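Please examine the sequence and the three-dimensional structure shown below. The report that follows may be read alongside them.

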Amino acid sequence: QVQLVESGGGLVQPGGSLRLSCAASGFTLAYYAIGWFRQAPGKEREGIPCISSSDGSIYYDDSVKGRFTISRDNAKNTVYLQMNSLKPDDTAVYYCAARRFITTVRAMCSQIGYYYDMDYWGKGTLVTVSS
């Protein structure tokens, strides 16, 4: 079965850390650009980091730059999102998505058109930052 499955979400206090995982099955993640997206209640979905499949280029949204780190382990067919210094504003459902061909990682993360044209989406994992 071809799918992406996120895990690692949960409840964390402000200032804490979480590591999310995005595991692929049925296809080889190494050939795909991967993005982490989040959607808070009442807000638009936003791409936060995206990583290419070819040259390793990475785009981070300003809201997470310096706090979040995206990485990929092709041997495990998994992409990770390390989230540090979490804030209440980071509370959202976090999704990973994969696309075989992209123009730039910045475009993948920031252009709404890409959101409707991903090859695969996961079902999401909830992250709640609260004391």
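**Basis of the description**

The model is predicted, so local features need pLDDT of at least 70 and side-chain atom pairs count only at pLDDT 80 or more, while totals for chains, interfaces and linings use all residues. Residues are numbered from 1 along each chain as its sequence is written, and side-chain values use heavy atoms, with hydrogens and water left out.

**Disulfides**

A disulfide is a pair of cysteine sulfur atoms within 2.5 Å. A search of the whole structure gives 2 disulfides, listed here.

| Pair | Sulfur separation | Angle about the S-S bond |
|---|---|---|
| Cys22 and Cys96 | 2.1 Å | 75°, right-handed |
| Cys50 and Cys109 | 2.2 Å | 100°, right-handed |

Helices (H or I, at least four residues) and strands (E, at least two) are DSSP runs, numbered from the N terminus. Both Cys22 and Cys96 are buried. Here buried means under 20% relative accessible area, exposed means over 50%, and partly exposed lies in between (1.4 Å probe, protein chains only).

The link between Cys50 and Cys109 also connects distant parts of the chain: Cys50 belongs to strand S5 and Cys109 to helix H1 (residues 105-110), 59 residues apart. Cys50 is buried because its relative accessible area is 0%, and Cys109 counts as buried at 1% relative accessibility. When the bonded cysteines are numbered in sequence order, the pairing is 1-3, 2-4.

**Nonpolar cores**

A nonpolar core is a set of buried Ala, Val, Leu, Ile, Met, Phe, Trp, Tyr and Cys residues joined through side-chain atoms within 4.5 Å. Which members of the largest core touch the most other members? Of its 28 residues, they are Leu4, Trp36, Phe68, Leu81, Met83 and Tyr94. The elements giving two or more residues to this core include strand S3 (18-25), strand S4 (33-39) and strand S9 (92-99). Another core, of 12 residues, lies apart from it, and Phe37, Tyr59, Cys109 and Tyr114 are among its members.

Contact means heavy atoms within 4.5 Å. Leaving aside neighbours within four places in sequence, the contacts of Tyr94 include Trp36, Phe37, Phe68, Leu81 and Met83.

**Aromatic residues**

Rings of Phe, Tyr and Trp (its six-membered ring) pair if their centres lie within 6.5 Å; planes under 30 degrees apart count as stacked, over 60 as edge-to-face and the rest as tilted. The structure holds 6 aromatic pairs. In one of them, the rings of Phe27 and Tyr32 are edge-to-face, because their planes stand at 70°, with centres 5.0 Å apart. Phe27 is buried at 10% relative accessible area, and Tyr32 is buried at 12%. Phe37, Tyr95, Tyr115 and Trp121 form one aromatic cluster.

**Two single residues**

Thr78 is found in strand S8. Is Thr78 buried or exposed? Thr78 is buried, because its relative accessible area is 9%. Apart from residues up to four places away in sequence, Thr78 touches Ser21, Cys22, Ala23, Leu29, Arg72 and Asp73.

Gly8, in contrast, is found in the loop between strand S1 (3-7) and strand S2 (10-12). Gly8 counts as partly exposed, at 34% relative accessibility.
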